[in-house]
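Thanks, everyone. I'll take a few minutes on domains, the interface and cavities, in that order. Please have the viewer open.

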Amino acid sequence: MIRKAITIPHKLFATVAKPVPMMNNLLKSQAYINGCWVDAISGDTFEVKNPATGNVIGHVPNMNAKDAQLAIDAAKRTYESDEWRNLTAKQRSSMLKNWYNLINEHCQEIADIMTAESGKPITESKGEVAYGNSFVEWFAEEARRIYGEIVPSSLPNRETIIMKQPLGVAALITPWNFPLAMITRKAGAAIAAGCTVVIKPAEDTPLTALAIIELAEKAGIPKGVINVVTTNKAAPVGDLFCKSPDVQGISFTGSTEVGKMLFRNCADGIKRISLELGGNAPFIVFNSADVEKAVDGAMISKFRNCGQTCVSSNRFFVQEGVYDRFVELIKQRVEDLKIGAGDGDGVQIGPLVNKMQFNKVSGFVDDARKHNSKIITGGKALPEHGELFYAPTIVTDLSPAAKIYTEEVFGPVVSIIKFKDEQEAIQKANSSRRGLAGYFYSENLQQVFRVAKRLEVGMVGVNEGLISAAEAPFGGVKESGIGREGSHHGIDEYVEIKYICMGNLKY
Ligand code: SIN
């Protein structure tokens, strides 16, 4: 049987899977505050498990608001110190470059940890190290290009100077699905701008975060610039971030529900917040599409990280003329996917990250079944692989009443809906309150521009299923969030614009 691999970005690396070594120099068991590796004040810890096997792979401090306050204090002290403030942009850039080089050198060790705690296939983990590190490289370069402006004044003897200054202390709350890239996309920009940060990594994947912080320390990033608070009780820590006057900004990637709560909690302090929340990405295949290319795009868009990606396609709209061909081809490809533990050779689909995710995905498929949808492949748990494995699934004849039609499944499920014409496709694609990414395949140039402009999303993939890149602005519209990450716009979340009016100049 010929197995077509899902193409992973940055696939510079061979697909040799190695077991997670018992000894990994970057495997940490303490959090990081003010340049010191520390336990929780309470001494409490929590387990980190491998979702493929259920085995415990480490323990980290279970911190609370008191620990988080120490981290904020350290970040504030450092932010206000002359040593940090007086660094030039070039010096901050050099530190980020050192960090980038060290992450590159330690790619295998980081990827091993990532696969062990997230379940991601090892090739994808290596791909994420490269992808995540591209943000460190990008923001090392951008650090030197945070330009101000001098605008001609409308009044005599005056100059209008516009300057960008760092925001201050930024709290970064990051998810488990990209345990490295979501940290570097935020922290890279924040440090480039001159901020200091407190990171709260996801409870499922704190070990990847701690591994790269060890490298940040080695890279010469001064104490107090990056602080990491590990916890499995996120609410009190998130609350403190929102309420503390010493935190000037929050950046959160995660669910829309939590994002809304943080947004509300930041209202009192009129605190800067950037939110990268859930999506419900449409993937439209028009009659004019190259169907083979569309299937390639669908596979990478849907099955990257087992479908646990905010920009994953959630609803596939396929036009009548190419529907049967698309369904036939994608079914073949889905049935060929190799499933197993992430460190297994050639594995493309790992487990879901935890029981909650597993229940959500299987619940959505059961609900679609109840609404008379057809499950043409998959649709079941795979206990022979482990407790958290779910079969890659295709659902057709989807009823709009099924949950999967309106909500993000965040799992390996392709839901296909047939449509007649362009207008119907756009109307259905835009019928969601989410608007992160959208994809469509068409070889008709007029259609390409029409549809790209009309999709209500922050990012559009035209004849492309994988669009994330350091140089491109990542973010959504509607309830998918506010702000942008990556690109030169990513810096804007971490700077204040200051206007300086220079008056009474003698010319
Ligand atoms: C996400 O799922 O939140 C991030 C995906 C990406 O950066 O491509």
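The domain assignment of this protein gives two entries: domain 1, covering 31-39 + 59-277 + 482-496, and domain 2, covering 281-469. Bear in mind that this is a predicted model. Taken over C-alpha atoms, the centres of domain 1 and domain 2 are 31 Å apart.

Now the interface. On the domain 1 side, 19 residues make contact with 22 residues of domain 2. The size of an interface is often given as the accessible area lost when the parts come together. Here domain 1 and domain 2 bury about 1600 Å² between them, and carbon and sulfur atoms account for 54% of that area.

What about polar terms? Between domain 1 and domain 2 there are 6 residue pairs in polar contact, counting pairs with both residues at pLDDT 80 or more. The salt bridge count between the two domains is 1. If you want a salt bridge to look at, pick Glu-257 and Arg-434: their side chains meet at 3.6 Å, N to O.

Next, cavities. Searching the whole structure turns up 6 cavities of 30 Å³ or more.

Where does the largest cavity lie relative to the domains? It lies between domain 1 and domain 2, because both of them give residues to its lining.

That's what I have on this one. Over to you.

Conventions: Residues numbered from 1 in each chain as written. Predicted model: local features only at pLDDT ≥ 70, side-chain atom pairs only at ≥ 80, totals over all residues. Heavy atoms only, no water. 1 Å grid on protein atoms, 1.4 Å probe; cavity = no way out; pocket = protein on both sides within 12 Å on 5 of 7 lines; lining within 4 Å. Points joined across faces, edges and corners; volume = space filled by probe spheres on them. Domains from an automatic or database assignment. Contact = heavy atoms within 4.5 Å. Buried area = accessible area lost by both parts, 1.4 Å probe. Salt bridge = Lys/Arg side-chain N within 4 Å of Asp/Glu carboxyl O. Polar contact = N/O pair within 3.5 Å; in protein donor to acceptor, adjacent residues only side chain to side chain.
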